[in-house]
Amino acid sequence: MLGHLFATPARRTAAWVPPQSRLALNQSAYELHTLSPGRRAARDDLVLRHLTTAEDIDSIRFLRSHIDLTHSAGDPRFEAVEKKETK
Amino acid sequence: MAFELDGELVGTVRAVPIGYGLTLAEQLREQAGLAPRDTYLNGWEMGRLAISPDYRGGPESLRGFLYLSLSFLHDNISPVGSLHATCTPVLARLYRRFGFTVEGRDVPLLGTAKTYTLIHGYFERVIAELAQGEGEETVSRAPQAAHSRFITTTTSQGAFA
């Protein structure tokens, strides 16, 4: 599961200074990289991860009603473009 | 993607690359006659941001969710230039505190009665503003319903469409 987690880095208290090395991403912007064990937020135990199971999706499905999808109404591409996580 | 806190999924966010005609931001900017300038260079649309009502703790809570999202982009994509989003006027005022600027107001969505505010921020500025949060505890379960009113109100209208 660690490979699907991304934790908050320690909050920068000074001006943002980009690190020297950045991970390059090949094709998919959503491709995740394995994190080192123990890399979790020091302050917030909040992580970002992909939805990987039907149970995951079901647990946050109610939030869809909180998102304005007016612009997607009637869009024939909607299922193909917007709902990949359910496939 | 989803935010997880203590094993519980508490929210979602989506980032879509700008420049492929996939995003609402591009569609509305074109309708509004807003030139891309350099904002499409390594640009991303942040959207589908929705946080569980139990975790809507106000601007500082939102700051934590955004900071995590943008840190993910930074650490996984090189480089990140600009951030775009579409939202309500109320939310636009909030995001100005995080380094975004309003680029279009009351931009209509063709075929609907809906209008949007278009916001943009250069990544380096936004992440710097987010990093300046004063609160020690930025993301936690809201202790009282009243404390979640602010974000509840905004996300019910679509935090980021």
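1. In what order do the elements of chain A run from the N terminus on? They run β-β-α-α, that is, two strands and two helices. The model is a predicted one.

2. Chain A has 87 residues, of which 17% are buried. Among its contacts with a separation of 6 or more, 81% are between residues 24 or more positions apart.

3. Strand β1 of chain B covers residues 2–5. In a regular strand the side chains alternate between the two faces of the sheet. Here B:Ala2 and B:Glu4 point one way, while B:Phe3 and B:Leu5 point the other way. These four residues, B:Glu4 included, are all buried.

4. β1(B) pairs with strand β2 of chain A, residues 46–49, in the antiparallel sense over four bridges. In this pairing A:Leu48 stands opposite B:Phe3.

5. β1(B) is also joined by four bridges to strand β2 of chain B, residues 8–17, and the two run antiparallel. B:Phe3 stands opposite B:Gly11 in β2(B). The two strands form a hairpin with two residues between them. In the turn, B:Asp6 has a positive phi of about 50 degrees.

6. In chain B, helix α2 (residues 59–76) packs with helix α4 (residues 123–131) at an angle of about 140 degrees, their axes being 10 Å apart. The two helices are therefore oblique to each other. The crossing of α2(B) past α4(B) is left-handed.

7. On the α2(B) side the contact involves B:Arg63, B:Leu66, B:Tyr67, B:Leu70 and B:His74. They meet B:Phe123, B:Val126, B:Ile127, B:Leu130 and B:Ala131 in α4(B). By class, the residues of this contact are eight nonpolar, one polar and one charged.

Definitions and conventions:
Residues numbered from 1 in each chain as written. Chains lettered and ligands numbered in written order. Predicted model: local features only at pLDDT ≥ 70, side-chain atom pairs only at ≥ 80, totals over all residues. Axes fitted to C-alpha atoms, helices over the stretch in contact; angles between N-to-C directions. Parallel < 35°, antiparallel > 145°, perpendicular 65-115°, else oblique. Left-handed = near helix turned anticlockwise from the far one by under 90°. Contact = placed C-beta atoms within 7 Å. Nonpolar A, V, L, I, M, F, W, Y, C, P; charged D, E, K, R; others polar. Buried ≥ 20, exposed ≤ 12 C-beta atoms within 10 Å, placed from the backbone. Pairing = 2+ DSSP bridges.
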